[in-house]
Amino acid sequence: MATDTAQRPAFPAGGNVYLPHIAVIEKVIDETPAVKTFHFNFKDEKLRQEFTFESGQFAEYSVFGVGEAPFCISSSPTRKDHLEFAMQRVGKVTTALHRLGVGAEIGFRGPYGNCFPLDVLQGKNLVFVGGGIGLAPLRSLIWNVVDNRDSYGKIDIVYGARTPADLCFQYDLDAWAKDGSIGMVTTIDREHPDWSGTVGLVPKVLEEVGPSPDNAVAIVCGPPIMIRFTFPALAKLGFTPEQMITTLEKRMKCGIGKCGRCNIGNLYVCRDGPVFSYAQIKDFISSEH
Ligand code: FES
């Protein structure tokens with residue numbers, strides 16, 4: 001499911017796949033103390049007009065003189081005013097990115113990888129299961145679906161984080177909760193004085209919500225521990241491995257299938273993914289996650 005990337009242009013700068021395009025940061029949103037979202041646009045007007053991508057694809061983002069790191073494009077291709085990516089501060093490149101403000105220039109290579117299989121998802125009921133920053137790739141698809149609402153069935157979203165302060169994209173959560181056509185449950189792991197909503201780990205809350213597997217596909221992204229327990233929870237509800245999709249962003253470097261760093265079993269996350277059905281990766285995921 002969803003592994004063909006051959007038809008999607010990667011927009012190499014100057015014909016060189018390793019040369020980044022210059023992009024300018026237009027807005028920075030503090031999602032949590034450790035996660036920021038960046039809105040950006042290409043400096044080159046022609047590229048700005050011609051650039052296309054699909055929900056689920058990723059790019060390599062660079063801070064000049066520091067290095068580059070892969071993150072999904074977290075905005076929806078249905079919203080063309082700007083592009084977005086979000087990331088947690090965890091190392092050298094992400095710390096340097098977090099220091100950047102509006103007007104700063106970054107490097108951008110991509111888009112790379114496959115995408116969520118819209119052709120498979122159309123007409124289906126969709127169950128989105130996310131945790132923490134894992135909502136970043138899901139929100140690209142969720143907005144894509146919302147912007148083409150008539151092409152899809154029921155939408156359920158179960159999203160959680162450790163504490164209220166760790167919930168990302170609060171503005172999206174509010175918008176989806178208000179959208180009468182979406183079943184939205186936001187949960188935090190444990191009781192918290194600032195929280196009066198649902199409490200419980202995402203896989204457990206998912207089981208309580210109990211979405212039907214009939215004509216449905218579940219799309220899952222979050223921390224490894226959440227993913228590990230979410231697949232069995234979905235299986236208990238009757239979802240088959242083919243009805244479960246996830247996206248992995250592990251350990252990518254070159255982004256184009258050259259460095260051999262991102263393998264999971266015999267698959268390359270950058271080239272064969274990052275979107276996989278659980279059926280494709282279930283034999284490898286217990287050792288990886
Ligand atoms: S990141 Fe280099 S081969 Fe996948």
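Me: Lys 204 first. How accessible is it: buried, partly exposed or exposed?
Reply: Lys 204 has 45% relative accessibility, so it counts as partly exposed. Buried means under 20% relative accessible area, exposed over 50%, partly exposed in between, with a 1.4 Å probe and protein chains only.

Me: What kind of model is this, and how is it numbered?
Reply: It is a predicted model, where local features need pLDDT of at least 70, side-chain atom pairs count only at pLDDT 80 or more, and totals for chains, interfaces and linings use all residues. Residues are numbered from 1 along each chain as its sequence is written, and side-chain values use heavy atoms, without hydrogens or water.

Me: Back to Lys 204. Which residue does it form a salt bridge with?
Reply: Glu 208, with the closest N and O atoms 3.2 Å apart. A salt bridge here is a side-chain nitrogen of Lys or Arg within 4 Å of a carboxyl oxygen of Asp or Glu. Both residues lie in helix 6 (residues 202-209), four residues apart, about one turn of the helix. Helices (H or I, at least four residues) and strands (E, at least two) are DSSP runs, numbered from the N terminus. Glu 208 is exposed, because its relative accessibility is 52%.

Me: Which residues are joined into one salt-bridge network?
Reply: Glu 84, Arg 139 and Asp 172, through salt bridges that share partners.

Me: And how many salt bridges in the whole structure?
Reply: The search finds 13. One of them is Lys 46 with Glu 50, at 3.3 Å, N to O. Those two are four residues apart in helix 1 (residues 45-50), so about one helical turn separates them. Another is Lys 36 with Asp 30, at 3.7 Å between the closest N and O atoms.

Me: Is that Lys 36 buried or exposed?
Reply: Buried, at 18% relative accessibility.

Me: How many bridges between strand 3 and strand 4?
Reply: Six, in the antiparallel sense, with strand 3 spanning residues 58-63. Tyr 61 has Ala 69 in strand 4 as its bridge partner.

Me: How many aromatic pairs are there?
Reply: The whole structure has 18. Rings of Phe, Tyr and Trp (its six-membered ring) pair if their centres lie within 6.5 Å; planes under 30 degrees apart are stacked, over 60 edge-to-face, the rest tilted. Tyr 61 and Phe 85 are stacked, at 4.0 Å centre to centre and 25° between the planes. Tyr 61 is in strand 3 and Phe 85 in strand 5, 24 residues apart. Tyr 61 is buried at 0% relative accessibility, and Phe 85 is buried at 0% too.

Me: And how do Trp 143 and Trp 176 pair?
Reply: Tilted, with 5.6 Å between centres and 45° between the planes. Trp 143 is in helix 4 (residues 135-146) and Trp 176 in helix 5 (residues 170-178), so the pair ties together parts 33 residues apart in sequence. Trp 143 and Trp 176 are buried.

Me: Last one. Where does Ser 76 lie?
Reply: In the loop between strand 4 and strand 5. Ser 76 counts as buried, at 2% relative accessibility. Residues it touches include Phe 53 and Trp 143, not counting residues up to four places away in sequence. Contact means heavy atoms within 4.5 Å.

Conventions: Two strands pair if DSSP finds at least two bridges between them.
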